[in-house]
Amino acid sequence: MALPIYATTGQKVWHYTYLTICGLVLFFLVAPLIIVIPLSFTSSPFLSFTPEMLSLDPAGFSLEWYKNMVGNCSDRVTTVCSTKWMIGFKNSIIIGIFATLLATTLGTIAALGLSRKHTPGRKALMALLISPMIVPLIITAASLALFSVTIFGVRFDLSASHLGLVLAHTILGLPFVVITVTATLVGFDESLTRASANMGAGPARTFFKVQMPLILPGVISGALFAFITSFDEIVVVIFLGGADQLTLPRQMWAGIRQEISPTILAAATILVIISIVLLTTVELLRRRSERMRGVSPA
Amino acid sequence: MTDATLGSSPSAPLVTADGTPLKKSLQRSLRVEKARAFGLVAGPALFLIILFIWPLITLFAKSVDDRLVNDVLPRTMAIYEEWDGETLPEERFFAAMYADLTSAERLQIGKVSTRMNYAKSGWKSLVKKSNKKFKTFDTAGPFMEQMIEADKRWGDVTFWQSLGVMKDRRTAGYYWNALDRTYDSSKNVIMQPENRRVYVMFWQRTLWVSMLVTVSCLILAYPVAYLLATLPLRYSNLLMIAVLMPFWTSLLVRIVAWMIMLQQHGVLNDSLVALGILCDDCRLPLMYNFNGTIIVMTQVLLPFMILPLYSVMRGIPPTYMKAAQNLGATPTRAFIRIYMPQTIPGIGAGVILVFIVAIGYYITPELVGGKDGQMIGNQIAYHLKTSLNWGLASAMGVMLLTAILVLYYVYDKIVGIDNMRLG
Amino acid sequence: MNVTKLLLTAVSAAALSATAAIAADLTVVSWGGAYTASQQKAYGEPWEAASGKSIHWENYNGGLGEVKTQVESGNVTWDIVDLLPDQIRTGCDEGLFVELPDDIFIPAASGASMDDDLMVPRPNKCAAPQIWWSYQAFYQDGTFSGDQPTTIADFFDVAKFPGKRGVHTWANAIIEMALVADGVAIADVYDVMGTEAGVDRAFAKLDTIKDDVVFWSSGAKPLELVSSGEVALSLAYNGRVGGANLNDGAKFVSIWDGQVLEEEWLGVVTGSPNIDAALDFISYATSPKAQADQARWINYGPMRTSALDIIAAGEPWFNTGVGVLEHMPNREEVVARTIVANPDWWADNGDEIQERYKAWMGQ
């Protein structure tokens, strides 16, 4: 969108104003993330830029809050010190991995079925599979928290268990996998499967040896979406999780509401870094997928 | 090869190698194909139906469930119909009530008295006080005098009348409560007393906040989407990272960051005061209130507006604008008359998407909303976790869900569910 | 390839059930921050050392919601809960807490039984004594030049002392404070509250600060709100304010006038899987020595009079080497202007006022 040579002064002014506005909006989008990182290195227990920090005095910076996160506590008596951050991190990773595996498996299978030529009720099925994305999280959390079945006198519910949380996060991650894999399958060349069948491979072998490698970038993309959904998820954890289901977002939530300390910012920085890594991976995979299918960026 | 040659009688049906007619064989293979495709989707679909749709249905069931009073006070409710409803009930009603309250489990008594308190304020304390006094009663009866002596509310007809509202095993009472209405003793719908009316205000505020956020997102997203759509792909991909980054970052991280930036002595206010633009006492109140909710929600939902706009704008050929300018239109006129109308599908998609997501928000208003930035999601959470009025929480949840389904239907008409893309 | 897959699934299934759960012998739920820290130091650590068991400390912001849900579902993970006085009454009535056997309580050095050693009698058999504490108003030194706020009426006076007010999200204490600020004599507060007109009067007084209120629900939040300048004055638990002053050198100034003195009790949840460990912990935590020890870390008053004697004999008692009796909420000098809360009243009549307060909060 370059400015043509014959642009008038008025147009030039408007053009630069417009670029400034865009710049401000983009800054608005990323400003929070930029603020969090330097503040996590503050040496004072309050959440603002101290004069030492602004003058880049080394005394204003410290790794105290990162040390708090791994249980190496500072001597401040008023903060309850614990290894909760590490426990939360571990729980988030474990629940995230299992939920991702389950969501990716189910989502890929569903996407394969939906992408076929003659799927009955495709629209309805697609709506069903996407529905967890539409329903507000608070309603999903409420319905799952209140849900229980009693079979032969034994009460089954999803609350206060790791399995329950994994299933809940699977539900939330499933739509993402379905959407990304269906998108990947849109440009898929059916003749490849037919050629493979022609040469004697059964449907399972065709899937693993022919289809899977080609849609793998899409599948991994969806898996990463599902993982980040589970890793950052807070609403369902609040209502469904018990004392044992301490995930990283839950610990952050407790921190924000109870004992605000820059330890939260340290955790936040780590989350931001994880997000950047995952986002870059997804972006690279997307480009790779496009290259492999012969769709070059125009 | 005599039957299937071209040009021979067209009435002779084609057959496959094993002798079945071709049409039948094709139909059969189509059925097999459909079954296979369906079979693939069936597993995940069943998973969602059992673990997602079914709980939503039980949520709806909870919102109309009113079996508790019948279950905990069976004797009283069994003979309730026989009471005329006007004068004080006779001895046998008191006897039945005494029998029910003394034989029920302590936990159940707590629950039922809470439920009865929703219908008429005062039941909870009445039941609690009475239970303590019941221990000293003469168990042979008569109970009417003893109970009225223990607490004079037992002699108040309105309390007995209020039981009539809780007689049915199903009730629409919670839905009425969610709209600041309640039943009086003859099951008419009346407004709650004025100092108890909050929910209509919350619904209004939720809609208002969502509309404001949607409009702010639209105004901010349009220029950025235009820039991204018209830049060469190399640069736009780079800038797209700035758009997707907040999308991928945890919501709590973004909220904490905004809290630090906008609070009274936060980064923004401190900088403005240090630069002399603001006096120390006139700091901007941008956090823990309505403004905080709007600002944070706008930033969180901006990518949801940018992406649909971007994808539509990318598909608009630049030739239209050039043609319009060629025909004499100023760039502004060309933009407004030619370009903008073509972006309307994107605007529609983005607006509805942001609105749908915004009305269901809970975390953001909870942390930054303060007193006047709270939304209906916060009320649902409060009744779910703290007041334990699950009937009311479910009713509000069902109402919210219905509104969203209607909006989603509209979204589908404009965009189509199949066309959802993720970046 | 197939065997590996099978092994992987088996291992994952095993891992799922034995994930990073918090393995502990006892879960004690309290209010977090400086308060829980004091309980950990005074009760938790010595008991863990003596019994060899471990405690998992959990935070909550009050309310019986979670306890009710757990008891009802049969899946009880909270063993001991630190409770507000009206909640131990309601909870015990509803069967949420177990009745404690008398023999677990350690008598005082003088031989007096625990019940005779308490400053106020236990409300029921479910309650184990904890502390005296108060809701009080406070501000940061230097916020106001000239006149400083000294009475509870000053908290409600935004004209004379401009700035926002930090208020908690439930009705206890603030109704009493509003009435006293409006001129009701302390002895008459609960009589006035029992009338419709009295409640209206309290809410009218609350309306005078309505536009300047910032709400908090966790104990540490008021300190943050005041120190960051977000609010000028806030209500808080007195021990948090005192703890910040005594331990961290903060410059908060407490307004003792119109403070609302409350009891605090411990309860053992019905259906707890660790009932023996819970009773053993209660036994230690309610001993005079442990009660006195808590005052080393936070300025809440112990419920047992013999504990007060231990503190008086050992002054300066606080862990930083200063005296602590002069910061206790239930001392002589402040008792004249202290509103002693009536938890029975709240347990019986609280529901309606809480609902009205919730509505007031939203409006």
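Me: How many helices and strands does chain C have?

Reply: Chain C has 15 helices and 10 strands. Helices (H or I, at least four residues) and strands (E, at least two) are DSSP runs, numbered from the N terminus. This is a predicted model, in which local features need pLDDT of at least 70 and side-chain atom pairs count only at pLDDT 80 or more, while totals for chains, interfaces and linings use all residues. Residues are numbered from 1 along each chain as its sequence is written, and chains are lettered from A and ligands numbered from 1 in the order in which they are written.

Me: What radius of gyration does chain C have, and what would a compact globule have?

Reply: The radius of gyration is taken over C-alpha atoms, and the globule rule is 2.2 Å times the number of residues to the power 0.38. For 363 residues a compact globule would have a value near 21 Å, and the 22 Å of chain C agrees with that. Along its principal axes, the C-alpha trace of chain C spans about 75 × 60 × 40 Å.

Me: How does one read burial, and what share of chain C counts as buried?

Reply: A residue is buried if 20 or more other C-beta atoms lie within 10 Å of its own, exposed if 12 or fewer, and partly exposed in between; the C-beta atoms are placed from the backbone. Of the 363 residues of chain C, 52% count as buried.

Me: Which residues of helix 4 of chain C are buried?

Reply: They are Pro85(C), Asp86(C), Gln87(C), Ile88(C), Arg89(C), Thr90(C), Gly91(C), Cys92(C) and Asp93(C). That is nine of the nine residues of helix 4 of chain C, so this helix is largely enclosed by the rest of the structure. The cover over its buried residues includes helix 6 (123-134) of chain B, together with helix 3 (65-73), strand 3 (80-83), strand 8 (252-268) and helix 15 (343-362) of chain C. Just after helix 4 of chain C, Gly95(C) takes a positive phi of about 80°.

Me: What about helix 7 of chain C: is it mostly covered or mostly uncovered?

Reply: Helix 7 (residues 174-181) of chain C is mostly covered, with eight of its eight residues buried. Among them are Ile174(C), Glu176(C) and Met177(C).

Me: Where is Asn124(C) found, and which residues does it touch?

Reply: Two residues are in contact if their C-beta atoms, placed from the backbone, lie within 7 Å. Asn124(C) sits in the loop between helix 5 (114-117) and strand 4 (128-140) of chain C. Not counting residues up to four places away in sequence, Asn124(C) touches Arg89(C) and Cys92(C). Both of those residues are buried in helix 4 of chain C, whereas Asn124(C) is partly exposed, with 16 other C-beta atoms within 10 Å.

Me: How is chain C divided into domains?

Reply: Domain bounds come from an automatic or database domain assignment. Chain C is divided into domain 1 (24-132 + 264-331) and domain 2 (134-261 + 333-362). The centres of these two domains, taken over C-alpha atoms, are separated by 25 Å. In the contact between them, 21 residues of domain 1 of chain C meet 22 residues of domain 2 of chain C. Helix 4 of chain C gives the most to the domain 1 side, with four residues.

Me: Which classes of residue make up that side of domain 1 of chain C?

Reply: Ala, Val, Leu, Ile, Met, Phe, Trp, Tyr, Cys and Pro count as nonpolar, Asp, Glu, Lys and Arg as charged, and the others, Gly among them, as polar. The side of domain 1 of chain C that touches domain 2 of chain C has 10 nonpolar, eight polar and three charged residues.

Me: What does chain A contain, and how spread out is it?

Reply: Chain A contains 12 helices and two strands. Its radius of gyration is 24 Å, well over the 19 Å that the globule rule gives for 298 residues, so chain A is more spread out than a compact globule. Its C-alpha atoms fill a box of roughly 80 × 70 × 35 Å, taken along the principal axes. Buried residues make up 47% of chain A.

Me: How many residues of chain B are in contact with chain A?

Reply: 74 residues of chain B are in contact with 76 residues of chain A. On the chain B side, the largest share, 19 residues, comes from helix 1 (residues 22-64) of chain B. By class, that side has 54 nonpolar, 12 polar and eight charged residues.
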